[in-house]
Every structure is written in C-alpha cells, then in structure tokens.
Amino acid sequence: MSEVRSGPELVVTPDGLTNRTGRYEKRLADLEGLFADAGAFAARLAQEADRVIYHVDEFRPSEAAGDLITGISTLSPGKIGDEFHMTRGHIHAQHDRTEIYHCLAGHGLMLMETLDGQTVVTELRPGVIAYVPPVHIHRSVNVGDTDLVTVFCYPADAGQDYGIIARAGGMRHLAVDDAGEWRLKENPNYVAR
C-alpha cells in the first residue's frame, strides 16, 4: 500500500494566511512618490510614517515554471489628498503571465493599464474575481471604509517589475474620491511609455 501524504493547507485567518512562506508590509514611508499630491503625502507622513498601509502573506512553494504563488493582500482604507490608498502596483517581469485576485472583503478596484496607456478597471466586492491579462500593469485600490482583502494567485516564474509605474510618473489614471464616490481622473504626472 502506498503512503498518503497531506498537502499544504492554507487557511485565511484575521491575522493573515496560515502556513505562509513569506510576509511583507508596506508602511506609509515606503510609498513615497506613489501619490500625486506630494503636499498631502508629506503632511500625512509627518504624522503616520510607520503606519502599515498594506501587508501581503504568500505561500511560495518554489520558483519553478508551472508552480503557483498564492497569497492574501490586506489594504487599509484611507486617502492621501483625494486619492485612495493603493498598492505600489507592478507588471510581471515575464509579461505573458496572468494573475487573479478574489475579493474576500471590502470594496476596491483592480486598476489595470496596457503598455500603451489603455485603462481597464474591475470593481472588487466580496465574491468578485478580477482577471489580470498578460502585459497589464496592475494595482489594488481601496475605495471603501474597511480593509480590502483579496486572495491572489499567479505563476511562480512571473516576477515583478515595480519600476514601470515610477518611470511613467504613475499610472495614467488616479482613483479619487468625488463626493463619497470613486472616479478616475487623468494623472497630471503621467508620461506615455
């Protein structure tokens, strides 16, 4: 009789992901240059530089092609000026790799952009899955008043390029508060790629 083994069990808890292989936190101070309103960012930074804006728990079994990285991202609510809290965002270093985000809690956006500046948005609410196609820059934005919690999954060999957004002065559109509702507005700092 052959031996039967249990595979890794991942459970989402209020403290994050059990059996995670990694965790990172992004504090307000880590997000300098991300928000369009530099004055509002500086004022907030003076008060809350160490505040954790988002954290990510991940299960990374290997870096091998064919394997999958799974994790949970928790993004706090809030704004810098009129712009909602967001993750740094990235494109996969292997541009043909995809990703999915399944919203567990909160209200947010998956803000995506093609290399030629076309914007695509999926509104996130519990139960919604956002599909990030190949060659799409993407970031999460919390437009609600509670934590935005998503489970993500992508190929282990995808890699991330975080600099693509910074080199363009940000993404083409900003997600902003407009009288209690979110809307997109053109980023005045954006430079076409």
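**A threonine and the aromatic rings**

Mentor: Leaving aside neighbours within four places in sequence, Thr 74 is in contact (heavy atoms within 4.5 Å) with Ile 53, Tyr 54, His 55, Asp 147, Leu 148 and Val 149. The model is a predicted one, in which local features need pLDDT of at least 70 and side-chain atom pairs count only at pLDDT 80 or more, whereas totals for chains, interfaces and linings use all residues. Residues are numbered from 1 along each chain as its sequence is written, and side-chain values use heavy atoms, with hydrogens and water left out.

Thr 74 lies in strand 5, residues 68-75; strands here are DSSP runs of E, at least two residues long, numbered from the N terminus. Its relative accessible area is 13%, so Thr 74 is buried, a term that means under 20% with a 1.4 Å probe, protein chains only.

Turning to the rings, Phe, Tyr and Trp (its six-membered ring) pair if their centres lie within 6.5 Å; planes under 30 degrees apart count as stacked, over 60 as edge-to-face and the rest as tilted. This rule gives 3 aromatic pairs. Phe 35 and Phe 41 are stacked because their ring centres are 6.2 Å apart and their planes at 20°. Phe 35 is buried at 6%, and Phe 41 is buried at 5%. Phe 152 and Tyr 154 are also stacked, with centres 6.0 Å apart and planes at 25°. Phe 152 is buried at 6% relative accessibility, and Tyr 154 is buried at 5%. Ring pairs join these two residues and Tyr 101 into a cluster.

How values were computed:
Helix = DSSP H or I, 4+ residues; strand = E, 2+ residues; numbered from the N terminus. Buried < 20%, exposed > 50% of the residue type's maximum accessible area, 1.4 Å probe, protein only.
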